[in-house]
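Good morning, and thank you for making time for this presentation. Please look at the sequence and the structure as they come up, and keep both in view while I speak.

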There are 2 protein chains.
Amino acid sequence: MANAAPATRRATIDDASGVARLLHDFNTEFDTPSPGEEVLTSRLRRLLAADDTLAILAGGPPHAVALVTLRPNVWYDGPVALLDELYVAPNLRGRGIGTEVIDLLLDTLRARDVELIEINVDADDLGARRFYERHGFTGVEPTTGDHALYYVKQLER
Amino acid sequence: MANAAPATRRATIDDASGVARLLHDFNTEFDTPSPGEEVLTSRLRRLLAADDTLAILAGGPPHAVALVTLRPNVWYDGPVALLDELYVAPNLRGRGIGTEVIDLLLDTLRARDVELIEINVDADDLGARRFYERHGFTGVEPTTGDHALYYVKQLER
């Protein structure tokens, strides 16, 4: 094709399979179970069509993705955002692609009147923690100096 | 009134002011800013009318509340739930009211096909951590033994 590789951009429904491939690669790299690209593509076609999930992509075919979900919150007029996933293909790390993705993500969220973005980071993943701290995230409660832990419970169906 | 105090129950839109009062009391008790009961009531009337926020109340007038928001998630068919707030009035703690609220909440979420419920807990709040651990929550990633930290970034509007 004559076109240059697409710049960092907001994903559309047509990007569902590209987002799915990256998320599947992410889990495969970190030995986390994945339902597979086909299931993920199907879910993403539904999720990206609604206004409470958004994804940022870089590259064509995409080699980096951020996936964010929005939810209501009683403490803010607008929604609160959670950065569910951020992934850059291993051979392209260290080139600032993650920063480009985060920057567009933050601009996109500001335009949606989001006032708070949250992320859960593994305590041992010092590289990720430093990356998020460089981008203005903090794991320390400003008033108490305490940090918060992320707890989960699986529900049987 | 001849009626007994209402049992633990799912909140409706008409409970917005009762939920707002408890959330305001919560933040007041812990020296956290609150926009005030009036603003919270207005937001809760909107939020409780939608299907991505739900609250459980105990007592009449209510003396305990759990507030939960749902969001989509690519790793599950159904929504993921976040327990945003859980509060029992100070003079009624230690009587199992929090457990009654959590039990109804979990039943309600199972009926909504929720497979995962999340909560962010202050690391220093050992009482809360023990309470959630007793109810099956864990702060430890089962495969790695690592725990996850909750990071946030405020966005300027």
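This is a predicted model: local features need pLDDT of at least 70, side-chain atom pairs count only at pLDDT 80 or more; totals for chains, interfaces and linings use all residues.

Leu109(B) is in contact with Leu155(A), Leu54(B), Val68(B), Leu70(B), Ala81(B), Val114(B) and Ile117(B), once its neighbours within four places in sequence are left aside. Leu109(B) belongs to the largest nonpolar core, a set of 60 residues. Among the residues with the most contacts inside that core are Leu109(B) itself, Leu109(A), Leu83(A), Leu83(B), Tyr132(A) and Tyr132(B). Leu105(B) is also on that list.

Let me turn to the sheet. In what order do the strands of the open sheet run? There are 12 strands, and the order is β1(A)-β2(A)-β3(A)-β4(A)-β5(A)-β6(B)-β6(A)-β5(B)-β4(B)-β3(B)-β2(B)-β1(B), with mixed pairing. The edges are formed by β1 of chain A and β1 of chain B, residues 9-10 in each case, and each of these strands pairs on one side only.

Within the sheet, strand β2 of chain A, residues 53-58, pairs with β3(A) in the antiparallel sense, over six bridges. One detail of this part concerns Ile56(A), whose bridge partner in β3(A) is Ala66(A).

Two helices of chain A deserve attention here. Helix α3 of chain A, residues 97-111, packs on the sheet and touches β1, β2, β3, β4 and β5 of chain A, together with β6 of chain B. The direction of this helix makes about 145° with that of β2(A). Helix α4 of chain A, residues 126-134, also packs on the sheet, touching β4 and β5 of chain A and β6 of chain B. For helix α4 of chain A, the angle to the direction of β5(A) is about 160°.

Thr53(A) lies in strand β2 of chain A. Is Thr53(A) buried or exposed? Its relative accessibility is 2%, so Thr53(A) counts as buried. Not counting residues up to four places away in sequence, Thr53(A) touches Leu47(A), Leu48(A), Leu67(A), Val68(A), Thr69(A) and, from chain B, Pro72(B).

Thr99(A), by contrast, is placed in helix α3 of chain A. Thr99(A) counts as partly exposed because its relative accessibility is 28%. With neighbours within four places in sequence left aside, Thr99(A) is in contact with Phe131(A) and His135(A). The C-alpha atom of Thr99(A) is separated by 9.6 Å from that of Arg134(A), and the two residues are 35 apart along the chain.

I now come to charged pairs. How many salt bridges does the structure hold over all chains? The number is 14.

One of them joins the side chains of Arg43(B) and Asp77(A), at 3.1 Å from N to O. This pair crosses between chains: Arg43(B) sits in helix α2 of chain B, residues 37-49, and Asp77(A) in the loop between β3 and β4 of chain A. Arg43(B) has a relative accessible area of 9% and is therefore buried.

A salt bridge also links Glu156(A) and Arg110(B), at 3.5 Å from N to O. Here too the pair crosses between chains, from the segment after β6 of chain A to helix α3 of chain B. Glu156(A) is exposed, at 51% relative accessible area, while Arg110(B), at 29%, counts as partly exposed.

Within chain B, the side chains of Glu29(B) and Arg93(B) meet in a salt bridge of 2.8 Å, N to O. The pair links distant parts of the chain, 64 residues apart: Glu29(B) is in helix α1, and Arg93(B) is in the loop between β4 and α3. Both count as partly exposed, Glu29(B) at 32% and Arg93(B) at 37%. Salt bridges that share partners also join Arg71(A), Glu118(A) and Asp84(B) into one network.

Finally, how are the two copies related? Chain A can be laid on chain B by a turn of 180° and a shift of 0.0 Å along the axis, with an RMSD of 0.0 Å. The two copies are therefore related as by a two-fold rotation axis. In chain A, the C-alpha nearest that axis belongs to Leu149(A), at 2.4 Å. As for the interface, 100% of the interface residues of chain A are also interface residues in chain B, so the copies meet through the same surface.

Technical notes: Residues are numbered from 1 along each chain as its sequence is written. Chains are lettered from A and ligands numbered from 1 in the order in which they are written. Side-chain values use heavy atoms; hydrogens and water are left out. A salt bridge is a side-chain nitrogen of Lys or Arg within 4 Å of a carboxyl oxygen of Asp or Glu. Helices (H or I, at least four residues) and strands (E, at least two) are DSSP runs, numbered from the N terminus. Buried means under 20% relative accessible area, exposed over 50%, partly exposed in between (1.4 Å probe, protein chains only). Two strands pair if DSSP finds at least two bridges between them. Contact means heavy atoms within 4.5 Å. Axes are lines fitted to C-alpha atoms, for helices over the stretch in contact, and angles run from 0 to 180 degrees between N-to-C directions. Copies are superposed by least squares on the C-alpha atoms of residues with pLDDT of at least 70 in both. A nonpolar core is a set of buried Ala, Val, Leu, Ile, Met, Phe, Trp, Tyr and Cys residues joined through side-chain atoms within 4.5 Å.
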